[in-house]
Amino acid sequence: MYKKILVAVDGSDVSNAALDYAIKLASTVYATLRLVHVLEGPSHLPGDDRRRSLAQTYVDALRQECDRVLFEASVRARRAGVEVECMLAESDTERAGHAIVTQAKLCNADLIVVGTHGRRGLHRVLMGSDAEYVVRHAKPHVMVIRSGALTPSA
């Protein structure tokens with residue numbers, strides 16, 4: 001069945017629901033989880049030295065938060081007896097969805113599990129959907145966990 005399951009984590013409730021589902025599945029089929037958190041950042045730090053220093057301080061703080069999210073997610077999986085790999089994917093130019101698809105390819109994932117808020121209408125048009133991007137572009141199977149849903153939707 002599945003040997004390697006990639007899970008996109010960001011610490012949100014819907015991401016945690018996707019993680020919980022992936023942990024249960026991985027423990028059932030004895031798969032390894034690859035936890036991926038994407039840090040989207042600017043392609044360059046603008047301004048003079050003072051502004052660049054402030055921007056770099058902000059990026060460093062974001063990186064620490066990403067590391068915390070990955071650590072907490074890995075602890076949850078390990079407590080369930082699941083083997084875990086963690087990856088902080090930093091991307092200056094790509095959206096999170098693209099980075100998730102790239103990471104799935106790099107680690108030969110059999111399944112990608114992502115959460116979605118299930119937004120519709122103008123908000124989705126303006127913000128885009130990383131989950132939708134993953135569904136449309138990923139080679140392996142994709143399991144989408146909707147916000148507030150008790151069961152996954154495809």
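# A walk from helix to salt bridge

Start with helices α3 and α5, whose crossing is right-handed, meaning that the near helix is turned clockwise from the far one by less than a right angle. You're looking at a predicted model, where local features need pLDDT of at least 70, side-chain atom pairs count only at pLDDT 80 or more, and totals for chains, interfaces and linings use all residues. Residues are numbered from 1 along each chain as its sequence is written, and side-chain values use heavy atoms, with hydrogens and water left out.

**Stop 1: two helices**

Select residues 96–106 for α3 and residues 130–137 for α5. Helices here are DSSP runs of H or I with at least four residues, strands are runs of E with at least two, and both are numbered from the N terminus. Two packed helices are described by the angle between their axes and the distance between the axes. Here the axes come within 8 Å and cross at roughly 40°. Those axes are lines fitted to C-alpha atoms over the stretch in contact, and angles run from 0 to 180 degrees between N-to-C directions. So α3 and α5 are oblique to each other; under 35 degrees would be roughly parallel, over 145 roughly antiparallel, 65 to 115 roughly perpendicular, and the rest is oblique.

Which residues of α3 and α5 make the contact? On α3, show Ala96, Gly97, His98, Ile100 and Val101; on α5, show Asp130, Tyr133, Val134 and His137. Contact means heavy atoms within 4.5 Å. The residues of this contact divide into five nonpolar, three polar and one charged.

**Stop 2: histidine 137**

Stay in helix α5 and pick histidine 137. Histidine 137 is partly exposed, at 43% relative accessible area. The cut-offs are under 20% for buried, over 50% for exposed and in between for partly exposed, using a 1.4 Å probe and protein chains only. Now check the C-alpha distance from histidine 137 to valine 101: it's 7.0 Å, though the two are 36 residues apart along the chain.

**Stop 3: salt bridges**

Side chains of opposite charge can pair when their charged atoms come close. A salt bridge is a side-chain nitrogen of Lys or Arg within 4 Å of a carboxyl oxygen of Asp or Glu. How many salt bridges does the structure hold? There are nine.

Still in helix α5, select arginine 136 and glutamate 132, which sit four residues apart, about one turn of the helix. Their side chains meet in a salt bridge at 3.0 Å, N to O. Arginine 136 is exposed at 62%, while glutamate 132 is partly exposed at 24%.

Next, jump to aspartate 60 and arginine 63, another salt bridge, with the closest N and O atoms 3.1 Å apart. Both are in helix α2 (residues 49–79), and because they are three residues apart, about one helical turn separates them.

Then pick lysine 4 and glutamate 85, whose side chains also meet in a salt bridge (3.1 Å, N to O). This pair links distant parts of the chain: lysine 4 is in strand β1 (residues 4–8) and glutamate 85 in strand β3 (residues 84–91), 81 residues apart. Lysine 4 is buried at 17%; glutamate 85 is partly exposed at 25%.

**Stop 4: histidine 37**

Finish in strand β2 (residues 32–40) with histidine 37. Is histidine 37 buried or exposed? It's buried, at 9% relative accessibility. Leaving out residues up to four places away in sequence, histidine 37 touches Val9, Asp10, Cys66, Val69, Leu70, Met87, Leu88 and Ala89.

Conventions. Ala, Val, Leu, Ile, Met, Phe, Trp, Tyr, Cys and Pro count as nonpolar, Asp, Glu, Lys and Arg as charged, and the others, Gly among them, as polar.
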